[in-house]
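Subject: Structure for your review

Dear colleague,

Please find the structure below, together with an account of what was found in it. I would be grateful if you would read the account with the structure open beside you.

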Amino acid sequence: MFRYSISRGSSKASGGREGSMYGGSSRSYCRHSIKPLCCHEETVAQMLNENDKGDPCDMTYSRRFVSWLYPKTSRRREKTEEILEKRGLEVEVPDIRKSWMFFEHFILPRYVVNPDNPGAFERAVPGEQYEHGTKLYPIFTFNHMMLAEFGLGTGLYFVTVLFLAISTGVAGLINLFLMHKYQEKSNLSITSYKTFMRSGSAHCNNTTNVVVENFKNITNTRCTPEYTRTPLVQTKGLYNTTTQTCTIPMNECSPDFIPMGAVHYGTMIVLTLAMYYFFFRLQKRLETYYDEENLTTQDYAIQVKNPPARSIDPDDWRDFFDPFSEEFVNSVTVVINNEDLVNALVERRVLIENLKFLLPAGTVLNEDTKADIREKASCLFLCNDAPLKLLKKIDAVEERIAALADEDKIDEVTHVFVTFETELGKRNVMQAFSYGKLDRRFNTKRMEQILQFRDRYLEIDEPAEPSAVRWHNLDESMVTRVLQQTVTFFLTLVIMTVGFLCIYYIDKNMNLTTSYFITFFNIAIPMFCRIITSYESHPREGRYQGSLYLKIALVRWVNTVLIQYFIKPFSMTANVGIGEFLSEQSLMEMVASLFFSEIVITPLWFLFDPFTIYAKFVSAPRALSQRSMNLCFQGNEFSLAERYTSLTKLIFFCFFYAAVFPGSYLYCSIAMWIIYFVDRYMLFRRCRIMPANGPYIAKISRDYFFTIAILFHFIMTAFWWSGFPFDNVGEYGGKYYFVNQDIMRTRQWTFPALPSWQLSIDQPKNVPKEWKGWMSPNQEFIVHLTGWTSAAMLCISVVLICRAIGKKIKRKLFYKYKHRTRVQNIDFSDKNAPSSLSLYIPQVVDCRLPYPVLACDICKIQAGFIEWKDPNDESYDTHNLVNDMRDLGYDIDGEKTLFSIVKQWKKT
């Protein structure tokens, strides 16, 4: 479902706040006559007539196609009319053009056209009419520095993509030298895109078959080395029953270790320094810059996380915080423990909307109508008992509502949001009430300076933006959340295990399709993880996205990067083996196939999403009502969790194999550029407006995931250099032997990768004692250099991660508020205040309803402070669950409070 940013402007111009506290008509939202939910058809019809005559460039490409196709769809409309007539439904035939207008004007972000300042992109209220009209945001010419308007996290995401695209591109150009050297040694002829993708890697076509002395035959065609302790993955050779010999390929592609190792080592150092500067210096500055440039409600508000259960009166909260406010407290939102009641009311509303569709046009759903349905269902609806079934469900839900409304704890306060008129008011409170858990536990001197509210020390924190508060999860306890996340994390491990088993089976039986399966598995993973995470309770959208991010990243990192490394035999790193093994893929071929999938298949999937195509072009034209047709145009979700996992997965994949596949830098850069432009297109043309997420996911990525990726860059480089020539063949005295060149996948501790491990790891039986190892002196030098550097990087990474964790622990134990941005000196209710400012209004977003529904009484707030708008119902009466309770006969204004309270005050 979508959320909108409300504009302070009037309906005809972009300046001047309607119903301002400082002048003009001061209008509040009070109960009016309730109008039926008509999905704004009058407004859409007006837009349809105007827009059909307007600029076709201000349409999505899909709608242009539909506009061309519309005259050819009359047959579909006639069939819909026949279905409606047969079912006895006297409703208007839905118009696909109206749904496309709904999608472009109510779902997609638009900006107000300002001829005097063409470079200004003020966010338009969805569906609102302006003097010069509105337009869709330009996809590619919109300044990326202004993308923070869609949320601080969104702005940081796009800047991060640009940085990674540029930095890996530069690294790829530097490593063209390595690609040239590898290609020189490989003797690989480029005959297709597959050979092109793996050219310039450690893949070796220059091999010689040799007969080894130490082996045991396991079948009539296979032979392996004999170990005292069987290794995790064995090298296999071709056994000749006639000569009773074992033959394996020996790679002749020995790299120039000193020049190639020096260039790659320099690349790693430069990339690491660049990433450290960007993530720990520049990104933090950008975060501050974006925060200052985009004034939001969060800059004026605080959240009380432990209010007394019966502190329901907002005037008490205003009086308590008013001495800190500089000017005055603008508003107070008191949230109560009514989640189950609100959910039941939403379910009832959905059922009623479905029932209205089955009734004749203009039918009012009241007790007489219900009795008529029960008595005449069989004849009135042509033996269709669907209305009666819906009515029974509605009755059951109403019984549950009655039981919930009688609960004693339903009016207990769980959270309080206080919005001040000035930024200084918020900062004064945060400084005055900042204390840590240790201060509270040991009752330090700091606690003597803290004021108490009704003999209670208040836990005060900075809230999320109003659009990012998950109102239905605020009343869950910490224990419940931990248990939920434990269960969902276990289910994530189950999904990861299933993916591993599928990949292993496909690789062993249908290995040529493994990379494509991994790609589609990565595409499907977010859907499964979203379903699992939806059962978790998170008070903020950022926390929900963070939990989702952790799950998706874990599965994608393991299934994309690690599984192939551990299931592929070491001797198949650079070539595919001999005999029957020639039908398999080497590890380098697998890496090349995965990069091809990331560059081509994944973007095409997002651009031609089959679910979106089905909803808009198959399901929507067959919808029997305008409302159900509009619900097919809700847009995709622009999930920062999914987007960031794509970045970290690509970087981890690139760094993991960079030493033996230097082309990964260039392919990663190409993939990043494609991600950048595809995501811009998705944001402006395909995705619904999402909650304004903060920098939470950016911080997780910076502190943990990118740090781990850089660490593995150094660790794996050392192990890759130590493994050359990846054939497990050793020569001594003119004879060849099975040896073990894999110093990583052993039972001994072999970190860091050093030449001394050559003889200390498990070697096959019958290897001559005089054999000194497989590494050349130059190779040993590079392994020493990268091995000890990886050990140093491990220490640095541990320090960085511990510092990040330590800061969080310190903030909990010794909390002291510090503001990072300068005060803008703009009052919250000022007519020049940004259009993104809105109050904390409890509401529920349900994908079965075209608009969010409010879960509070809004009679005591000023107009223009709710973050979305219905152009056909400016009073929000049809979208307020309070009115649903009134219709059920409950006294909303009685002694017992059933809904959260929002109250706003004027400047005096």
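Counted along the chain, the bonded cysteines pair in the pattern 1-4, 2-3. A disulfide here is a pair of cysteine sulfur atoms within 2.5 Å, and by this rule there are two disulfides. Please note that this is a predicted model, in which local features need pLDDT of at least 70 and side-chain atom pairs count only at pLDDT 80 or more, while totals for chains, interfaces and linings use all residues. Residues are numbered from 1 along each chain as its sequence is written, and side-chain values use heavy atoms, with hydrogens and water left out.

**Disulfides**

The link of C204 and C253 is right-handed, with 75° about the S-S bond. C204 lies in the loop between α7 (193–198) and β3 (207–212), and C253 lies in the loop between β7 (245–251) and α8 (257–293), so this pair ties together parts that are 49 residues apart in sequence. Helices (H or I, at least four residues) and strands (E, at least two) are DSSP runs, numbered from the N terminus. Both C204 and C253 are buried, where buried means under 20% relative accessible area, exposed means over 50%, and partly exposed lies in between (1.4 Å probe, protein chains only).

C223 and C246 form a disulfide as well, their sulfur atoms being 1.9 Å apart. C223 lies in strand β5 (residues 222–224) and C246 in strand β7, so the pair connects parts that are 23 residues apart in sequence. The torsion about the S-S bond of C223 and C246 is about 75°, so this disulfide is right-handed. C223 is buried because its relative accessibility is 0%, and C246 is buried because its relative accessibility is 0%.

**Salt bridges**

A salt bridge is a side-chain nitrogen of Lys or Arg within 4 Å of a carboxyl oxygen of Asp or Glu. How many salt bridges does a search of the whole structure find? The search finds 30 salt bridges.

One of them is between the side chains of D95 and R97 (3.1 Å, N to O). D95 is buried, with a relative accessible area of 7%, whereas R97, at 28%, counts as partly exposed.

Another joins D461 to K305, with the closest N and O atoms 4.0 Å apart. D461 lies in strand β11 (residues 460–461) and K305 in the loop between β8 (301–304) and α9 (314–321), so the pair ties together parts that are 156 residues apart in sequence. D461 counts as buried at 14% relative accessibility, and K305 counts as partly exposed at 37%. K305 and D461 also belong to a network of salt bridges that includes R540 and R811.

The side chains of K568 and D507 meet in a salt bridge too (3.5 Å, N to O). K568 lies in the loop between α18 (541–567) and α19 (587–607) and D507 in helix α16 (residues 478–509), so the pair links parts that are 61 residues apart in sequence. Both K568 and D507 are buried.

Yours sincerely
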